[in-house]
Amino acid sequence: MTVLLLAILVTAMISKEAYLVYGDIGTASYYNPPYIPTKCDGNREEQFPPGNLFVVVSEGLWDNGAACGRRYRLRCLSGPKRPCKQRTIDVKMVDFCPFTPCPSTIMLS
């Protein structure tokens, strides 16, 4: 019985440390200020991450607001005038796309 309880506790601790990671291809564009208020945290300045790398997302990623605060790692694959560098950026989702229809999957600040 003790071994079973220990196994359950270890499994629970491991599962809290495991994260589901999913990658997909989408499009990106940019948008200009004003950046607040947002649909996630209104007028709170502290919602923006250090370095101000944040994004707004389209309906496909919005998930009825559950996406607020999610972090994404982005990598450029192609674009006009070869904008891609061989690196990634980490961004935080802070808002729903303000345009209808949204011009891309993710819009960068």
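Student: How many bridges join β2 to β5, and which way do the two strands run?
Tutor: Three bridges join them, and they run antiparallel. Strands here are DSSP runs (E, at least two residues), numbered from the N terminus. Two strands pair if DSSP finds at least two bridges between them.

Student: Before I go on, what kind of model is this?
Tutor: It is a predicted model: local features need pLDDT of at least 70, side-chain atom pairs count only at pLDDT 80 or more, and totals for chains, interfaces and linings use all residues. Residues are numbered from 1 along each chain as its sequence is written, and side-chain values use heavy atoms, with hydrogens and water left out.

Student: OK. In what sense do β2 and β4 pair?
Tutor: Parallel, over four bridges. β2 covers residues 54-57 and β4 covers residues 88-96.

Student: Which residues are the bridge partners of Val57?
Tutor: In β4 the partner is Phe96. In β5 the partner is Ile106. For Phe54, the partner in β4 is Lys92.

Student: What about the β2 side chains, buried or exposed?
Tutor: Phe54, Val55, Val56 and Val57 are all buried, meaning under 20% relative accessible area with a 1.4 Å probe, protein chains only. Phe54 and Val56 point one way, Val55 and Val57 the other.

Student: Zoom out. What is the strand order of the sheet?
Tutor: β1-β5-β2-β4-β3, an open sheet of five strands with mixed pairing. The edge strands, β1 (28-30) and β3 (71-75), each pair on one side only.

Student: And how is the whole chain put together, in what pattern?
Tutor: Along the sequence, α-β-β-α-β-β-β. That gives two helices and five strands; helices are H or I runs of at least four residues.

Student: How much of the chain is buried?
Tutor: Of its 109 residues, 21% count as buried.

Note on methods:
Buried < 20%, exposed > 50% of the residue type's maximum accessible area, 1.4 Å probe, protein only.
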